[in-house]
Amino acid sequence: MRKLFTCCLVSLCMWTAVAHAQQNRVSGKVTDALTAGALPGVTVMVKGGTTATQTDAEGNYSIEAAGTDVLVFRSLGYALQEILVANQTIVNAVMEGEGTELEEVVVVGYGTQRQRDLTTAVTTIRADDIAKTPTTNAMQSLQGRVAGVQIVSNGAPGASPTVRLRGIGSFEGNSAPLYVVDGMFFDNIDFLNPNDIETINVLKDASAAAIYGVRAGNGVILIETKSGAYNKPGEIVYDGYYGIQNPQNVLKMANAQQFVQYIRETESPSDIALVDNAIQRYGRSRIDPNLPDVNTDWYREIMSPTPIQNHNLSFNGGGESTRYSIGGSYFNQEGLLNVQRNDYRRMNFRVKVDSKVKEWLNVGGNFNVSTARQYNGENTAWFRAYFAVPILPIYDEGNTDAYPVKYANARDLEYRSSQNPFFPLEYIDNRNHVAKVLGNFHAEINLWEDKLKYRAQYNYGLSFINTRRVDFEHHDGLTQHQSAIRRRNTSDYDQVWDNFLTYDDSFGKHKLNVVAGQSYRSEYSELLYARGTLINPAPSRAAEQYWYLANAREFDVSGIGDANDSDYSSINANLQFLSFFGRAAYNYDDRYLLYATVRRDGNNKFQKKWGNFATVGAGWVLSEEDFFDIEGINFLKLRASWGQLGNDAIRPSVGLPTVEENNGAIDGVRIIGRRLNPTFDLITQWETTVERNFGLDAQFLNNRLSLEADYFVRDTRNLAVSIIPPMFASSERRSVGEIRNKGLELNLNWRDNLSEDFSYNIGGNIATLNNQVLGLGGADGLNAGSAEFRQRSIIGQPYQAFFGYEVAGVFDTEQQIASMYDEDFIVAEEIVPGDLIFKDQNGDRIIDDRDRVVLGSYLPDFTWGANLGFRYKKLEFAALLQGQMGYHLLNRKRGEMIFTNDTNIDADLATNLWGEGRPSAKNYPSASGLRRDWNQSMSSYFVEEGSYFRLQNVRLSYSLLGREINGIAWPETRLTLTAERPLTVFKYNGFNPEVADGVDREVYPIPAIYTLGITIKL
Amino acid sequence: MKAIRNIQYVAVVFFSLLLGTSCSGLLDEPLENQQIAEGTDYTQTQNMVLMLHGAYNQFYDFGWEVYPVISVRGDDINAGGLGDQPLLADADRFQYDRNFWALNNSWTSLYSDLIYWQGAIEEIQKYQEAGANATSAQQYIAEIKVMQGFNFLQLARLWGRILIPPSSQPRDLFNEELVSFEGVMQHVSALMDEAIPLLPTVRPNQRSDVRGGVTRFTALAIKAMANLELKNYPAVAEATGQVINSGLFRLEPDFYHLFKLRGKLNDENLLEFQYSDYGTGSGASNNFLWDFFGPTSWTPARNGASGGWGFWEPSMKYIRFMLDRGDRERLETTVIFTPDGIADLRDAYPNLPNWISNVTPNGDVFNNSVRTKFYSGKHYWPSNMLTQGRTAYGNNKNLTCIRYAEVLLMHAEALTNGATSSVMTADAAVNEVRSRAGLGALSGVTLNQVLDEKLAEFAAEWGIRFFDAVRHDRTTELSYEGRTYDPASDRYFPYPLAQQDILPQLRDEN
């Protein structure tokens, strides 16, 4: 693939080099779009050529150029302009301010608005910033860049990060925002090539998102893919990078010496016997005869640095009446895991065309095909690498019954499980084939003098995900494992059909923009899955052509179906939606801004059919007032908004008792039966978010300093909440919950140019978030997590907070224990020195469920990002730092001790355990205490601070613009070195502090990525 | 310009048409594959039996934790599984935690059955009203009542005062008052009286429609168990007498094989939970999660068979009791020894008989385990009885629940407590059980001897020993191997915290 690209490029370069044409003198004047004043010092050059000049004090220039050349106008603080000479001798340029971004047009859903006219909180991320991050999913590049958007990275190849806009506003789903890609609705944009994206608009507040009504509850992210431009000569752009992913912050596990010392300290004869078994089986270490001759570092064994690469080729341009953008890309990311196939490969093709067919008719289409193949690693391998003992080797020739590979089995040492992570790595293969197609057609009719327009757009989204899991037949030395194949195919057919009228007019100082329309949407999905066992011929990696269910000798009846998965992760659906919407934006003299939208949505998902959602917003541009005259303030706007959003991204509700089927054995025959389920979900209200947002936008010191500030209170009511009926092992959802998110977001940026050659910028953003459950329909709390590691949503506390005992230290002496707890209680619980001190919250000298408190939440209180950049001549440098603070993680890996106490522990734990006369600096219990149920109660011992600071992205690029090599004009070329996440600093005892749901059990590590990139424009 | 105006016209009309006729009928599309109960066509009377099948499936399908919660507290058995499930080990030592997840699961599991069954009864009645065969309908309802009786019995034994669901709607329980232990037992006895005349007079394995299902004798046995708890011994003697008098049941001559393949739908069984691998080496199977009882380390006779989690350890006290009695057959069946366990025994019994071995009659070798010294033989399924291709421990094994031996010994228990019977004497009942175990006959048996016999016979099964000890105030027996049983506080579990949160009645009670 890469060869092909290179080939094309080389031939194209040669072709342009020989193309010469008649030279003419071209002159003109360059002015500022806002002030209409002349602009001096603007660089004017011939694109792809070597000649360049600058405008004089009156903004005039003169340059030699061919009639077919393109002139490039460049000035700091202004957007780059390219104008085709087209055989003219006078070419004037109007430069649009870039520094303020106030004049930029922002996509707001069913239309656009000028940034300066917004009354809502909208943040725009442009292609330049998106391209900085080497990633599969463009949302990853927002991490640290947008205040109020929390991104939790995911390290697995092809996996998407978790995205949360202003907290969690629903008890269901993953609070994923709605993505609107060129008008089509998606809940994930993993199919898009980040390079194909022109802008990402984050509609942060309810007022901005309200036009999307019922889909907007978790926030809306609008994505515009790249278009060509009218009257712009065609250009060919190659953009690509190649890089290495390197595992970061690898968790240090106890080595054989630390592990054996810890085991001896437990004084548990049975566990010490296991160490002796290892010595017997694998021999004694010559260095320390008390150790077995094995010291396996499992994390090191199961992973290696791997490559990542991306290549794009695109063709953009346009003539008088048609513009186009055509492109293709190839992305490949290898996984970190060894042995197992673990990678992601995606190919994308896209075409976007717009044409002014008639003066009154504009028609366009957009087509995006994405196909991906993903080999998923077994996450259990990460988990096993944590708990596999270091005194177990990878291979064991003595494990004679094992085949085909003689992997060591910890059960041969009498450990409870086989432990060795190579079992899942060697004997499982997971493949996903993903195909997603987005088709879009739109037509815009100019009904009346550019003032009234009618637009119809029809979008179709197709998504096919075919997964296949193959379990290879093998023997682990003790147990025979059968071969199996599971396939699961889902197809989604989604369509959106919008029709709307836009009226745009101005009367004197009044400006008005009104939109009214209607939308129909349907979501239809199909599912088919089956599992077969005893595959013949037995599947092997060497003969993938036989991996078919057709070769299965047995089928699991309960493993075959097409209605819904046993875990309800996918369900067949036929959902229908109908909506009407309207928007009005009014502007008086650029001083007073009013904004309102209304949307009425209907659906067949819930018992509540129809819902109405509205918003109003107002803005006051103080700096436009006559009385406003403050030195240094160029622009100042105050804005306030109130808006309602619905959320239908929750499972449908049936509303009535249902009849379910069950099965069982009667005399060796499988019998199907029925039962009446008296409980049912009843959604009688829409989940409705009401948000108030107060904001301020300002520009200072010649627009060099910009400030955006927002304060919001976001209340979501009628949340679908699981109500636990008495006595019944089930739950039923009712529209009774309420949750609040509130916070403050600040964004401050400074940019300046000290000279023509040197400019720099520095900025930062911070966001706070306070998440609080306000209502659960009468209950005080709602359990989540597992019984052993309780999480609970409690009124007045964050969603799914960790809930348990508060550790106040470790007992050093018997006297200390006696001073804290009741005598009988101490005897009953057998509390001894080296045990954790649990704080007796209610003072009854007994520790029980009444002493449990909230130990923390996985939602950060505070997120921040800071950026720094400079340009010196053709060298550009940019750095991004970011961090998330004030949140907690459940160290579930350490918690595994509860279920299997014969496993390895991490080095920090092993070396900081309490010992006789050796207090634990970190409040860890004694070695034997680790295994006693007292210390295994859910407590702050398992809940750790997750806060981190990270050097997110460092990028150095060098531009070869206008270079000439051996007399041949070199095409516009840019070389880039990027380091993504080179440094992360945190205290948490885990691989990485980014865990979407806060429970760190088998999370894929997030690697650092180092890439070398090149961009060539012809 | 005219063309443009026409286009404008068309577009506006088109647009307004869309708005006007927009088909809101689409919003009435039903959800996919959801069978609304209201939509049931009850005239399809052949579907009535599906509700009965559903009731059995519900009965047989329960989590592994329910069994140990019911059964762990006697001096016959220890939780085992050292280090895992510490709160189960606590429960074994009478230290109850109201927040122990397995308590809540057991509670909701037993109650969910009751609620589903109530729904099944209501549905069957609707089929009957719509013309289904009334005799069948009434028999089905009677069968379900027997299942209900069994669950009520377990619930009251675990928690004492409980709620009796008045309908198939869980939220109706908000208005219910707690019923005393005796009240529940009377309710069970009355339920059985309602059911008995409607049930087939055959052995469960003689039923042709639902083989192994509930019969009149299952109901009689449960009635006897409820009345035993009420100390209404004449009623116990009467009910057990009817079972004995039927002459349909017989003890399986080989005690070991009663808990193996031969025990499935055996003539001794009055009630058993049925499971199956359907004779296939892979694919669908319905099983209890026997892993709970399985060995953490063994050398199975059939290579590749899986072990388990190492729970359910017969107590040293029980083993010594059996050795002292010379009760070899039942000891060998009930207890599986590990080398470490044998070593411990030898410390206490220097002349330990040499038939004590860690190899089972089927040739499976049990190795040492860090979690337990002994395993439960009654819950052991020999590796070479697994269907070829299956490896999960206990796959295809049924869980026996009420055996004829229990009926005999309940009969003896009633008689030694003053009841009379014309069917069989206490001596005869006890000796029938003893003779199967290869033990000599007793005469003039006392209550103590009956209880000892029950301990020897039913160790590790369904908490029978614990409930016997509590019923007859022999609770000092329960204070063994470091445990202290306090009759005032330890008879019942605390109501699960999650349930207290929901039901004020339970909160007030605790």
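**Close-up views of a predicted two-chain model**

**View 1. Burial and overall form of chain A.** Of the 1018 residues in chain A, 46% are buried. The model is predicted. Chain A holds 13 helices and 54 strands. Its C-alpha atoms occupy a box of roughly 95 × 65 × 65 Å along the principal axes. Does the radius of gyration of chain A, 32 Å, agree or disagree with a compact globule? It agrees, because a compact globule of 1018 residues would have a radius of gyration near 31 Å.

View 2. Strand β5 of chain A covers residues 70–74. Strand β2(A), residues 43–46, runs antiparallel to β5(A), and four bridges join the two. Val44(A) stands opposite Phe73(A) of β5(A). Strand β6(A), residues 81–84, is also joined to β5(A) by four bridges. This pair is antiparallel as well. Here Val70(A) stands opposite Leu84(A) of β6(A).

**View 3. The side of chain B that touches chain A.** The contact draws 83 residues from chain B and 74 residues from chain A. On chain B, four helices each supply at least two residues to this side: α1 (2–21), α2 (48–60), α5 (101–129) and α19 (497–502). Which of them gives the most? Helix α5(B) does, with 10 residues. By class, the side of chain B that touches chain A has 38 polar, 34 nonpolar and 11 charged residues.

View 4. Where in chain A is confidence lowest, and where is it highest? Helix α1(A), residues 2–18, is lowest, at a mean of 40. Strand β44(A), residues 836–838, is highest, at 96. Chain A as a whole averages a pLDDT of 89, and 95% of its residues score at least 70. Chain B has a mean pLDDT of 92, with 95% of its residues at 70 or more. For the complex, the predictor gives an ipTM of 0.91 and a pTM of 0.84.

Methods. Residues numbered from 1 in each chain as written. Chains lettered and ligands numbered in written order. Predicted model: local features only at pLDDT ≥ 70, side-chain atom pairs only at ≥ 80, totals over all residues. Pairing = 2+ DSSP bridges. Contact = placed C-beta atoms within 7 Å. Nonpolar A, V, L, I, M, F, W, Y, C, P; charged D, E, K, R; others polar. Rg over C-alpha atoms; globule rule 2.2 N^0.38 Å. Buried ≥ 20, exposed ≤ 12 C-beta atoms within 10 Å, placed from the backbone. pLDDT = per-residue confidence, 0-100.
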